[in-house]
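Please read it alongside the coordinates.

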Amino acid sequence: MDEERLSPAEARRRIRCNEWTGPTAGMASGYTQANMAILKKDLAFEFLLFCQRNPKPCPVLDVTEPGSPIPRLVAPTADVRTDLPKYRIYRHGELTDEVHDILEYWEEDMVAFLIGCSFTFEYPLMNNGISIRHIDEHCNVPMYKTNIQTVKAGRFEGPMVVSMRPIAHEDVIRAVQVTSRFPSVHGAPVHIGDPAAIGIDDITKPDFGDVVSIRPNEVPVFWACGVTPQAIAMHVKPDLMITHAPGHMLITDKRDEDYAVL
């Protein structure tokens with residue numbers, strides 16, 4: 001079956017059974033995807049406060065009850081321990097493992113944060129005639145650490161991560177208009193044009209994801225990214241933090257339009 005036409009439940013089933021282990025861009029088109037960060041309960045309030053102070057990179061869609069793996073607001077039949085294609089395990093800020101489920105890492109005082117993902121506005125962009133290069137090239141979206149600092153909350157602070165999509169010059173304004181309708185999933189771009197202005201020295205070397213081609217008539221456009229918590233993990237160094245692997249999201253039961261403003 002064409003991955004774009006999968007229902008969220010069927011997409012999650014395939015992921016849970018390891019029938020799909022790659023990036024989720026383009027899967028179950030029209031349904032919202034979410035980044036994820038999992039922390040112990042004693043850090044959960046500080047992280048929630050960090051998200052509240054940094055809604056562009058960390059727009060919260062759902063927070064699980066301590067010890068519960070069920071995101072009841074966005075996907076009540078999902079399990080955050082098994083329903084993402086790939087997870088990252090950080091210990092003291094160091095990436096120690098990448099796994100396809102986190103059953104052996106789950107503890108009874110863990111809290112999962114589901115954070116809005118820019119994949120949500122890609123389908124509306126395509127509906128407006130704007131191609132998405134990483135989907136066209138069958139790879140992961142490129143993501144970069146920047147010199148844009150987040151607002152500190154408790155122990156959490158560090159640089160914002162952005163995702164980049166090349167947009168034709170004549171389509172940039174339309175791309176801003178379309179994505180501005182989705183403030184709950186990063187909204188409008190945070191930067192357009194010169195990568196060096198936000199601390200990106202080499203656009204051909206993303207910190208996360210894959211490099212994509214940029215054509216002569218295109219400009220790089222940057223959106224705040226839900227991979228930011230991974231950069232924060234490297235900076236803050238909590239004892240244990242579990243995240244999605246970049247580009248490997250939780251597919252929710254919510255439609256993209258549920259998060260759009262008219």
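Val-221 in strand 9 is the bridge partner of Arg-165. The model is predicted, and the values below are computed from it. The two strands involved are strand 7 (residues 159–168) and strand 9 (residues 218–224), which pair in the antiparallel sense over 7 bridges. They belong to an open sheet of 4 strands with antiparallel pairing, in the order 6-7-9-8. Strand 6 (143–149) and strand 8 (191–192) are the edge strands, each pairing on one side only. Strands of a sheet pair through backbone hydrogen bonds, either parallel or antiparallel.

## Helix 6 against the sheet

Helix 6 (residues 228–236) packs on this sheet, where it touches strand 6 and strand 7. The direction of helix 6 makes about 150° with that of strand 7. Which residues of helix 6 are buried? They are Thr-228, Pro-229, Gln-230, Ala-231, Ile-232 and Ala-233. These buried residues pack against strand 7, and also against strand 1 (31–40), helix 2 (41–53), strand 3 (87–91), strand 5 (110–116) and strand 10 (241–244). Lys-237 follows helix 6 and has a positive phi, near 60°.

## Salt bridges

The count of salt bridges comes to 16.

| Salt bridge | N to O distance |
|---|---|
| Arg-14 and Glu-3 | 3.7 Å |
| Arg-155 and Glu-46 | 2.7 Å |
| Glu-122 and Arg-165 | 3.0 Å |

Arg-155 has a relative accessibility of 46%, so it counts as partly exposed.

Arg-14 and Glu-3 form a salt bridge that joins helix 1 (residues 8–16), where Arg-14 sits, to the segment before helix 1, where Glu-3 sits; the two are 11 residues apart. Arg-14 is buried, with a relative accessible area of 14%, whereas Glu-3 is partly exposed at 25%. Both residues take part in a network of salt bridges that also links Glu-10, Arg-13 and Glu-19.

Asn-35 is found in strand 1, one of the elements against which the buried residues of helix 6 pack. With a relative accessible area of 1%, Asn-35 is buried. Which residues is Asn-35 in contact with, leaving aside its neighbours within four places in sequence? They are Phe-113, Leu-114, Ile-115, Gly-116, Cys-117, His-186, Gly-226, Val-227, His-244 and Met-249. The C-alpha atoms of Asn-35 and Leu-84 are separated by 9.5 Å, although the two residues are 49 residues apart along the chain.

## Histidines with positive phi

Most residues other than glycine have a negative phi, and most peptide bonds are trans. His-186, one of the contacts of Asn-35, has a positive phi of about 85° although it is not a glycine. His-186 is placed in the loop between helix 5 (172–180) and strand 8. Because its relative accessibility is 1%, His-186 counts as buried.

His-92 is not a glycine either, and has a positive phi of about 55°. The location of His-92 is the loop between strand 3 and strand 4 (94–99). His-92 is partly exposed, with a relative accessible area of 46%.

## A nonpolar surface patch

Which residues make the nonpolar surface patch of about 190 Å²? The patch is made by Leu-48, Val-60 and Val-63. Val-60 is found in strand 2 (residues 60–63). At 34% relative accessibility, Val-60 counts as partly exposed, and patches are made of residues with over 30% relative accessible area and no salt bridge.

How values were computed. Residues numbered from 1 in each chain as written. Predicted model: local features only at pLDDT ≥ 70, side-chain atom pairs only at ≥ 80, totals over all residues. Heavy atoms only, no water. Patch = residues over 30% accessible without salt bridge, like charges linked within 9 Å, V, L, I, M, F, W, Y side chains within 5 Å. Areas by Shrake-Rupley, 256 points an atom, 1.4 Å probe, with all protein chains shown as cover. Salt bridge = Lys/Arg side-chain N within 4 Å of Asp/Glu carboxyl O. Buried < 20%, exposed > 50% of the residue type's maximum accessible area, 1.4 Å probe, protein only. Pairing = 2+ DSSP bridges. Contact = heavy atoms within 4.5 Å. Axes fitted to C-alpha atoms, helices over the stretch in contact; angles between N-to-C directions.
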